Amino acid sequence: MAHALRLAERGFYTTQPNPRVGCVIAQGDEVVGMGFHQRAGEPHAEVYALREAGARARDATAYVTLEPCAHHGRTPPCAEALIAAGVARVVVAAEDPFPQVDGRGTARLRAAGITVDIGLLRDAARELNIGFFSRIERGRPFVRVKLAMSLDGRTALANGESKWITGEAARADVQRWRARSSAILSGNGTVLADDPRLTVRLLQDEEFTPPLRVILDRQLRTQAGSQVLDGSTPTLVLHGAAGFCADNRFERVERMAVATQNDALDLRAVLALLAGRGCNEVHVEAGPTLCGALFAAGLVDELLLYIAPLLLGDSARPLLHLPTLSDMARRWQLRVIDQRQLGADWRLQLRPA
């Protein structure tokens, strides 16, 4: 199963909106077939593994990182393919909560007389597809906020200059987190201040599905000529119902109105909309106001915090704008999932405790 999980990781950047899935078929200790899901609309992991195994799949054990599908989507059901191949046993890491699967795959296998075991390395399999499980089970994407700061907790000089706080290794690392995401989300303030591209760069010889760029712009203030409006990659601008623009600056991107709350876009409505479009993981690169609002609303699932060994001083801009706390019991407690050095900088991967 560990081998199957490693195979699944090979589809890390390309399977959106589908989950990343790997499959290994073994006769005893001998691997006779293996495969992974490569792209949405193409064969699933089980199909590739069965093709490689051929006749040796009969009476074999299939190790699959996610419950085999039992419905006709863009591809035929994998449960039927396993039955037709004559496998004797299927070991499943994690159940598939997708309504058209959700136990039907394993039930179909058992009805055909195949032994099914569930739960081997379940936590690792769910972690691999943390965004997929979030979208299906919670109705919203997994939200990952990326921030970079100095040792004194500052993200930019008082005049807004922030290029660059972190070094080249840290910035290259960010590209991989962008590439694994379904969408890169930012606010209009960041677009006006920095004119970012919000695209994936620096990934050499690796295929990836370009993430959707999502800009929150309640009043449609994004300026003509902004790089996020260049049409080079799919882009969605979300605005309030009263947002109006008389010129054609948005002609190369998609625009959509969403509900507002307290003179800002309703962040829960934004995430529900993105889930409806198949977004599994949303990577947020924004300023202290939007990031703080996401934290305050309890919508941040993970924080990627890059820390540079430098000081910017008291007048520099803060990491987050958060509500004033009345006592320490209300503080935002985080737990460290991973920490590593990237060049001269450090990256902390944190989740709410």
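Reader: What makes β8 and β9 partners?

Author: Five bridges join β8 (residues 183-187) to β9 (residues 212-216), and the two run parallel. Two strands pair if DSSP finds at least two bridges between them, so β8 and β9 count as paired. Gly 187 stands opposite Leu 216 in β9. Strands here are DSSP runs of E, at least two residues; helices are runs of H or I, at least four; both are numbered from the N terminus.

Reader: What are the sources and limits?

Author: This is a predicted model: local features need pLDDT of at least 70, side-chain atom pairs count only at pLDDT 80 or more, and totals for chains, interfaces and linings use all residues. Residues are numbered from 1 along each chain as its sequence is written, and side-chain values use heavy atoms, leaving out hydrogens and water.

Reader: Why do β11 and β17 stand at the edges?

Author: The open sheet has nine strands with mixed pairing, in the order β11-β10-β9-β8-β14-β6-β15-β18-β17. β11 (254-257) and β17 (334-342) each have a single partner strand, so one side of each lacks a neighbour in the sheet.

Reader: Why is Thr 190 called buried?

Author: Its relative accessibility is 15%. Buried means under 20% relative accessible area, exposed over 50%, partly exposed in between (1.4 Å probe, protein chains only). So Thr 190 counts as buried. Thr 190 is found in helix α8 (residues 188-194).

Reader: What is Thr 190 in contact with, leaving aside neighbours within four places in sequence?

Author: Asp 195, Pro 196, Glu 285, Ala 286 and Gly 287. Contact means heavy atoms within 4.5 Å. Gly 287 lies in the loop between β14 and α10 (288-296).
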